[in-house]
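Work through the two exercises below. Try each task before reading its solution.

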Amino acid sequence: MNAKNLSERLRLVASFAEQGTVLADIGSDHAYLPCWLIQKGQISRAIAGEVVKGPFESAKRNVAKEGLTDKVVVRLANGLQAIHPDDGVETVTIAGMGGSLIASILENDADKLKGVKRIIVQPNIHAMAIRVWAVSNSWKVSNEAILKEDHKIYEVLVLQRGDQSYTPEELLMGPILLQERSAVFQDKWQGELNEISRVISVLTQSAQSEEAKAKRKQLSATKDMIERVLKS
Ligand code: SAM
């Protein structure tokens, strides 16, 4: 993958960026996504934020190599701190991290989201943490997509401002993905079901501590929920 040949996963993230928007890509290890969007003419300017020095240097190198230093600003910063008030950022993308980390990045510097109209996230796991964050911060899920690439399944969530509540099933599996129930969605949740069943069986055979019992109970409830959805 490079700035000219983006993965299907990042193309899906990119597809939700509105024409002409100013975008901040947080956790932008190579700045591939912002460079690709600029080269397509889809966005006007971008900030590439990266917290680790090595990936930050690599992002800077790629932006220079593509001749985009006037359009893509690379900053070494933790999470949304890469966004400055006069950047005029309207869209934030955060891809390729766990859902809980993405939710904590959004939670930690909420003031940086002031002018932001759209958040596009691609959690590798635990997308529910982002939906829970959205509900309690007056954002709603305006779009969702799911894809399989190289035997891995990825979800993309688009958040826009608004109040919305979700059922436990919608929080876990995604309100829009749940309605669409694509083949990849069924595949993902069948895999999750198998994994949960495996963990329940390990917990049943091992220690009988109160903690293990509570975990088993919680996993059994989740398993029942997924089974109900897949059968309906
Ligand atoms: N976004 C790219 C993608 O989807 O291919 C890179 C994904 S990479 C697995 C995650 C990147 O996020 C790493 O470079 C990591 O250093 C960076 N990262 C993790 N936590 C961060 C934070 N709090 N602020 C900025 N970057 C962060």
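## Exercise 1: Helix H8

Task: find what covers the buried residues of helix H8, name those residues, and check the helix length.

Solution. Start with the cover: strand E6 (139-149), strand E7 (152-161), helix H6 (168-173), helix H7 (175-180) and helix H9 (210-231) are among the elements over the buried residues of H8. Contact means heavy atoms within 4.5 Å. The model is predicted; local features need pLDDT of at least 70 and side-chain atom pairs pLDDT 80 or more, while totals for chains, interfaces and linings use all residues. Numbering runs from 1 along each chain as its sequence is written, and side-chain values use heavy atoms, without hydrogens or water.

Next, the buried residues (under 20% relative accessible area, 1.4 Å probe, protein chains only). In H8 they are Phe185, Lys188, Trp189, Leu193, Ile196, Ile200 and Leu203.

Last, the length. H8 has 23 residues (183-205), so at 1.5 Å a residue it should span 33 Å; its end C-alpha atoms are 33 Å apart, which agrees. The expected span is 1.5 Å times one less than the number of residues.

## Exercise 2: The ligand shell

Now the polar contacts (N or O pairs within 3.5 Å). A polar side-chain atom of Glu50 is 2.6 Å from a ligand oxygen. A polar backbone atom of Gly27 lies 2.7 Å from a ligand nitrogen.

Notes
Polar contact = N/O pair within 3.5 Å; in protein donor to acceptor, adjacent residues only side chain to side chain. Helix = DSSP H or I, 4+ residues; strand = E, 2+ residues; numbered from the N terminus. Buried < 20%, exposed > 50% of the residue type's maximum accessible area, 1.4 Å probe, protein only.
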